[in-house]
Amino acid sequence: MSPKVLAIVLAGGEGNRLMPLTMDRAKPAVPFGGSYRLIDFALSNLVNSRYLQVVVLTQYKSHSLDRHISETWRMSTLLGNYVASVPAQQRVGKSWFQGSADAIYQSLNLIHDARPDIVVVVGADHVYRMDFSQMVDAHIASGASASVAAVRQPLDQVSQFGVIETDPQDRSRIARFVEKPPTTEGLPDDPNSFLASMGNYVFTTDALVEALRADNERLDTKHDMGGDLVPYFVDRNDCAVYDFTENSVAGSTERDRRYWRDVGTIDSFYDAHMDLISPLPIFNLYNMDWPIYTRQITSPPAKFVRGRNPDWGVAYDSIVGPGAVVTGGLVKGSVLSPDVFVSDGARVSGGVLMDNVLIGRGAVVKRAILDKNVRLEDGATVGVDAELDRSRGYKVTDSGITVVSKGVTVAAS
């Protein structure tokens with residue numbers, strides 16, 4: 001008999017490294033890939049895994065996230081299925097969530113009500129496909145009370161992740177969990193890689209509740225899943241590792257089956273978009289054997305037409321969302337979200353344009369992210385002159401990606 005599983009999605013982080021995209025929305029609500037929100041990937045993975053009782057713990061700037069969940073993620077309540085958005089409620093004190101572990105501790109009523117055998121806990125802001133039922137099966141077979149999903153990452157990125165070091169005598173057990181160390185040993189079968197935590201966990205319910213209560217009573221804790229709760233189980237030799245490379249998702253290929261990207265910075269967010277647009281994409285949005293679900297909109301089909309000049313509206317090596325119109329402009333290597341309008345003579349290259357962006361006549365966009373409702377006046381530029389962009393108050397990363405905040409009008413210089 002299959003175990004009863006409750007899935008908890010941690011969606012309360014501030015996402016400061018994604019500013020200004022998180023200026024007035026939670027990180028999991030940030031639009032992605034022309035049609036989606038970041039949280040759609042976590043929720044789609046859970047639903048495709050047949051885990052249909054899901055709670056989403058929210059906190060900061062959650063309105064657009066709550067609205068997206070309520071409008072999109074509706075399942076049959078007749079069959080006991082749900083995706084429920086749950087805000088911080090101060091059930092056990094007068095403080096808001098103090099960390100990811102505390103978020104679950106303050107929401108223990110959800111676990112008591114659902115009475116699951118297993119609790120799956122996942123982050124809400126990564127881009128990947130994963131069958132969580134395979135991880136749950138591996139967790140049960142391991143006999144451990146906790147399991148941590150691990151993804152292989154290049155050794156030169158070790159300082160950016162929580163690092164999992166396994167027991168040399170039993171590679172299925174975690175011997176040490178270290179948060180962003182300067183170095184670590186490479187894997188026996190892959191010396192140039194290490195195991196990084198994906199922020200996805202499986203717990204036996206009783207053990208999780210006991211660990212959360214113990215963490216709540218401690219004074220030397222940040223109440224964090226990776227920093228505090230995982231070490232609790234590791235110290236007891238009761239924490240297994242699940243290697244993401246062992247996960248097999250329907251419809252995946254060797255090119256994209258191991259894809260996982262943390263989109264916590266502007267550069268990684270931008271790079272993840274560029275991964276989508278090659279003819280053989282590194283991450284394939286078109287795998288309908290394991291679909292990524294999102295809100296359906298009523299915009300008309302995309303359209304490409306001639307402008308006032310004889311030039312045709314053209315887009316290549318790009319994703320173009322419904323309602324987008326390219327009239328006499330050129331779009332290349334870009335992602336256009338719904339209802340974007342590209343005018344005569346405009347040029348968009350390496351752009352990530354969110355909903356309802358208007359690119360005026362003769363305007364130019366290069367290696368830039370334009371948030372919703374941005375307007376470029378005729379002849380305006382973004383991403384062409386970094387110093388000009390900085391002087392106008394736009395964020396420019398060290399790699400030269402310019403970000404324009406929601407609703408800004410960019411005048412011609």
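Q: Which residues lie nearest the centre of the largest pocket?
A: In this predicted model, the largest pocket holds about 1700 Å³ of space. Its lining is made up of 49 residues. Those nearest the centre of this pocket are R17, K27, D125, H126 and D262.

Q: Which element gives the most to the lining of the largest pocket?
A: Several elements supply at least two residues each to this lining, among them the helices α3 (100-105) and α7 (225-234). With 4 residues, the element that gives the most is β11.

Q: Which residues are the closest to the centre of the second largest pocket?
A: The second largest pocket holds about 650 Å³ of space. It is lined by 31 residues, and the closest to its centre are S35, Y36, T294, R295 and Q296.

Q: Which elements each supply at least two residues of the lining of the second largest pocket?
A: By class, this lining has 17 nonpolar, 9 polar and 5 charged residues. As for where lining residues come from, the elements that each supply at least two are α2 (63-72), β2 (31-32), β3 (36-37) and β16 (319-320).

Q: Which residues line the largest cavity?
A: The structure holds 3 cavities of 30 Å³ or more, and the largest has about 50 Å³ of space. Its lining residues divide into 4 nonpolar, 1 polar and 3 charged. By name, they are Y128, R129, V249, S252, D256, R257, Y259 and F283.

Q: Why is one side of β14 and of β28 left without a neighbour in the sheet?
A: The sheet is open and built from 6 strands with parallel pairing, in the order β14-β17-β20-β22-β24-β28. β14 (303-305) and β28 (409-410) stand at its edges, so one side of each is left without a neighbour because each has a single partner strand.

Q: Which residue in β20 does V325 stand opposite?
A: Strand β17 covers residues 325-327, and strand β20 covers residues 341-342. These two strands pair in the parallel sense over 2 bridges. Across this pairing, the residue opposite V325 is F341.

How values were computed: Residues numbered from 1 in each chain as written. Predicted model: local features only at pLDDT ≥ 70, side-chain atom pairs only at ≥ 80, totals over all residues. Heavy atoms only, no water. 1 Å grid on protein atoms, 1.4 Å probe; cavity = no way out; pocket = protein on both sides within 12 Å on 5 of 7 lines; lining within 4 Å. Points joined across faces, edges and corners; volume = space filled by probe spheres on them. Nonpolar A, V, L, I, M, F, W, Y, C, P; charged D, E, K, R; others polar. Pairing = 2+ DSSP bridges.
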